[in-house]
Amino acid sequence: MRLRLWPRSLAWRTTLIVLAGLAVVQLAGLTIHALDRRDLIRIAEAQEAATRVMGLYRVVVLTPPEDLVARVRAMNLPPDMTVVLSDEPPGLGLVRVPVEIQRILRLSMLLVPLPQPLRPRESRILWDEQELRVVIGMRLPDGRWLSVSEHPPPPRLLHAPGFLAAFALMTAVAAMLLVWAARRLTAPVRVLAAAAERLGRDVNAAPLPETGPSEVVAAAAAFNTMAARIRRFVADRTFLISAIGHDLRTPITRLKLRAEFIDDDELRTKFLGDLQQLETMVASTLQFGKDISGSEQPTAMDLPALLRTVLDEAADAAPDQPAERLSYDGPEHLTIQARPMALKRAIANLVGNALLYGGAARVRLLPPPSGERPPLLRIEVADDGPGIPPDDMQRVFEPFHRLESSRNRETGGTGLGLPIARNILRAHGGDVTLANRPEGGLVATASLPV
Ligand SMILES: Nc1ncnc2c1ncn2[C@@H]1O[C@H](COP(=O)(O)OP(=O)(O)OP(=O)(O)O)[C@@H](O)[C@H]1O
Ligand SMILES: [Mg+2]
């Protein structure tokens, strides 16, 4: 599995970019601070060293010469400090310390109070490169040299009490603020996505609230205008379909009455048969219009119970079919949110087609494939018929589109079954697809949100 470092969500991307920027700025700030601190530390250390060395010098210079050696030996020196008394000045193999440090040291040495005659007559400040020590030599009033050498402590640039803790706390607070701000800023995008999804399922979904920052208000207003236009468009179309269907009913009834007066028996039967078909088409068309308008409210319902009812009714309608042609395979109970009447019509259309064109209807209810977003249940309706040529697979979903094979059948329908089923399932947030089975026959797969 590939490690994904670049997050997908806008909020996390924004957070990551700003955090990276913040880290660079913080690092630059820290470096400046550390450099500044290094100089300060150097000065402070030099002053401290000078005071220490002068303290020693003072003890030495105030001790009578006969006691001096014993006194130096008895001195309680820090472990990294050595004191040497000699006649020669220190200097062999040593380098001079940079002038600015020398200056600080000398100045600090001058500040230590001592009577003028006791002050060092000469001094040398040197650096022992091999042992990494500072050596300060001072000439005593009697002409001998007192050399004190010590390790300067390693510079601790970032060490200040609480500094790192404060730094970490600051970074953590900034990161938290960032995450919060980024999530807040991208929230309208999520709201918009959810609203678009809702609109796809239900054109009559509630409009978006037009509140918040000006950009969000503008986007919400544009979205609401678009939704209103779609609603009007759907309503106009539905109205047109219903109006035509409705107005056709009266002339068809009149024609039926008049057909009764035709004397020729054969002609009359054909005439009435055609009119009957016309009436069915009008009824389906009206139903189609009703389904689009989505007037039924979703409720909690048991899906397997609905599937079994559809199969029972199909068996009742075709008592001559062997019972094993109709079967259900799946859980006993499963509650979903749906519009029961509409969903029943959609499934009944699929089962009806399977029986009519495929001579069987084997229904299976399957759980959503793992990892699917959003999870969709599958309802498969399989038959043993000829299937559908791949070129016609999409076209059979167009209203009134029927294949040649079914056109000549006496029991031919209107060609609205599949479009109605697809319409209903899409309004539920699902869909329906067709596929030819490798072993023969067609399988219609309806998907539905859990
Ligand atoms: N299971 C199937 N096997 C083979 N062909 C099918 C199957 N289901 C549908 N078809 C083809 O798709 C066409 C369209 O189906 P659709 O259900 O939309 O209309 P219909 O069954 O002809 O009429 P209606 O369902 O409105 O009474 C059918 O006429 C038929 O040719
Ligand atoms: Mg049909």
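Phenylalanine 400 sits in the loop between S10 and H9, and its phi is near 65°, a positive value in a residue other than glycine. Most residues other than glycine have a negative phi, and most peptide bonds are trans.

A word on the model and the labels. This is a predicted model, where local features need pLDDT of at least 70, side-chain atom pairs count only at pLDDT 80 or more, and totals for chains, interfaces and linings use all residues. Residues are numbered from 1 along each chain as its sequence is written, while chains are lettered from A and ligands numbered from 1 in the order in which they are written.

**Overall layout**

The chain has 10 helices and 12 strands. These are DSSP runs numbered from the N terminus, with helices (H or I) of at least four residues and strands (E) of at least two. The radius of gyration is 47 Å, well over the 22 Å that the globule rule gives for 450 residues, so the chain is more spread out than a compact globule. That radius is taken over C-alpha atoms, and the rule is 2.2 Å times the number of residues to the power 0.38. Along its principal axes, the C-alpha trace spans about 160 × 50 × 35 Å. Buried residues account for 19% of the 450. Take the contacts between residues at least 6 apart in sequence, and 66% of them join residues at least 24 apart; a contact here has C-beta atoms, placed from the backbone, within 7 Å.

**Two helices side by side**

Two packed helices are described by the angle between their axes and the distance between the axes. Helix H4 (residues 163-201) and helix H5 (residues 214-259) pack at an angle of about 5°, with axes 11 Å apart. That makes H4 roughly parallel to H5. Angles under 35 degrees count as roughly parallel, over 145 as roughly antiparallel, 65 to 115 as roughly perpendicular and the rest as oblique. The axes are lines fitted to C-alpha atoms over the stretch in contact, and angles run from 0 to 180 degrees between N-to-C directions. H4 brings Pro188, Leu192, Ala195 and Leu199 to the contact, while H5 brings Val216, Ala219, Phe223 and Ala227. The tally is 8 nonpolar, no polar and no charged. For that sorting, Ala, Val, Leu, Ile, Met, Phe, Trp, Tyr, Cys and Pro are nonpolar, Asp, Glu, Lys and Arg are charged, and the others, Gly among them, are polar.

**Around the ligand**

Ligand 1 is surrounded by 23 residues, the closest being Asn353, Leu403, Gly413, Gly417 and Leu418. To be near, a residue needs its C-beta atom, placed from the backbone, within 6 Å. The shell divides into 9 nonpolar, 12 polar and 2 charged residues.

H10 is largely enclosed by the rest of the structure, because 8 of its 11 residues are buried. Among them are Gly417 and Leu418. Glycine 429, with a positive phi near 90°, follows H10.

Aspartate 431 then lies in strand S11 (residues 431-436). Aspartate 431 counts as partly exposed, with 14 C-beta neighbours inside 10 Å. Leaving aside neighbours within four places in sequence, aspartate 431 is in contact with Arg422, Leu425, Arg426 and Ser447.

**A cis bond and some C-alpha pairs**

Arginine 373 and proline 374 are joined by a cis peptide bond, with omega about -10°. Proline 374 lies in the loop between strand S9 (361-366) and strand S10 (376-382).

| Pair | Apart in sequence | C-alpha to C-alpha |
|---|---|---|
| Leucine 286 and glycine 245 | 41 residues | 5.7 Å |
| Serine 123 and proline 89 | 34 residues | 8.9 Å |
| Aspartate 431 and alanine 421 | 10 residues | 8.6 Å |

Leucine 286 belongs to helix H6 (residues 265-293) and is partly exposed, with 18 other C-beta atoms within 10 Å. Beyond its neighbours within four places in sequence, leucine 286 is in contact with Ser242, Gly245 and His246.

Terms used. A residue is buried if 20 or more other C-beta atoms lie within 10 Å of its own, exposed if 12 or fewer, and partly exposed in between; C-beta atoms are placed from the backbone. Two residues are in contact if their C-beta atoms, placed from the backbone, lie within 7 Å.
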